[in-house]
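Please open the structure in your viewer and keep the selection panel at hand.

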Amino acid sequence: MVTITDVARLAGVSKNTVSRYLNERGYISDKTRRAIASAIDELHYQPNQIARSLYTSRTNLVGLVIPNVEHPFFAAVTSRIEDELDSRGYKMILCNTLHSTRKERQYIDMLTANKVDGIIIGSHSIDIDYSEVAAPVVALDRYLADDIPVVASDHAEGGRIAAQAFIDRHCHKVAQLVASGRVRTPSNLRHEAFANAMRLNGITCITHELQLNQFQYSTYIETAKQVLDEYPGLDGVFSADPVAVAVQQEALRRGMCVPDDLFVYGYDGTYLAEAVYPQLPSIAQDYSALARQVVEVLLLQIAGDALERLEYVVPLAK
């Protein structure tokens, strides 16, 4: 195994100089930096991250806790958060809770035990006290605690945009399918904005609540069947992309014409909206901007800097 001593010998410098180079501490001339970098490349030296973290009090690791990486929203935002962290010298540990409070607690314990520099939480457990987590925490589209910052899209604007689409279609009776009310999330703002706009325009709006942590597509098909059975006469449905796709699929199976008989409108702007036929109109979240904002807020906390506010609203994609 190549050691720091081997690097120092080849570069013609002391071990302390190599250590300062690796930990970015103190002055080192450009000539010496080039010599050390060349020696590291030639020897394929891999620094001892555990020892380095003890010296710097940083691991350059960030945990991302989400409920289901297969869900299109979480898949899209996860890839961009990983890219954003990588561009800033951090590595990401992905924790996929699969809707389990037990797994989520275990992941948080594991992350804090391994001294990650910070944690981004986009999961939806409702009986965990996140304010007791030792590491800096940022919430992704989720209200975790009064003192934990949250980053989310401009959902209220999304609700208004969607409502206008149904108004322009001259819909009379619509349903919006929403996440469980037991979860405190900024995305509820879009449902409030949508329902208000429907009411002001004399359109009947039914709000149908999904089960807690309902993320599997097979359950969305069952929900679609239930909604179309329980609310006859619907001419519009608004929901997140996977649920909207399930509704559209079930409507077509029943011989309905989309969008003439049933206008289905999605939210998130994931690949699903373009993958189905007819193509699903959908409001797109700006995943790159979301990732950039959530990482910036977390890094400010890691650095010990004061935050300007506790809620950050990211504009929707153009």
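Two strands pair if DSSP finds at least two bridges between them; helices (H or I, at least four residues) and strands (E, at least two) are DSSP runs, numbered from the N terminus. This is a predicted model, in which local features need pLDDT of at least 70, side-chain atom pairs count only at pLDDT 80 or more, and totals for chains, interfaces and linings use all residues. Residues are numbered from 1 along each chain as its sequence is written, and side-chain values use heavy atoms, with hydrogens and water left out.

**The sheet.** Select the five strands of the open sheet, which pair in parallel in the order S7-S6-S8-S9-S10. Strand S7 (204-209) and strand S10 (282-284) are at the edges; each has a single partner strand, so one side of each lacks a neighbour in the sheet. Next, display S9 and S10, which run parallel and are joined by three bridges. Asp268 has Ala284 in S10 as its bridge partner.

**The loop.** Move to Thr270, in the loop between strand S9 (263-268) and helix H11 (271-275). Is Thr270 buried or exposed? Its relative accessibility is 7%, so Thr270 counts as buried (under 20% relative accessible area, exposed being over 50% and partly exposed in between; 1.4 Å probe, protein chains only).

**The cores.** A nonpolar core is a set of buried Ala, Val, Leu, Ile, Met, Phe, Trp, Tyr and Cys residues joined through side-chain atoms within 4.5 Å. In the largest, of 53 residues, select Ile81, Ile120, Val151, Leu234 and Leu262, which touch the most other members. Helix H12 (residues 287-302) contributes the most to this core, with 10 residues.
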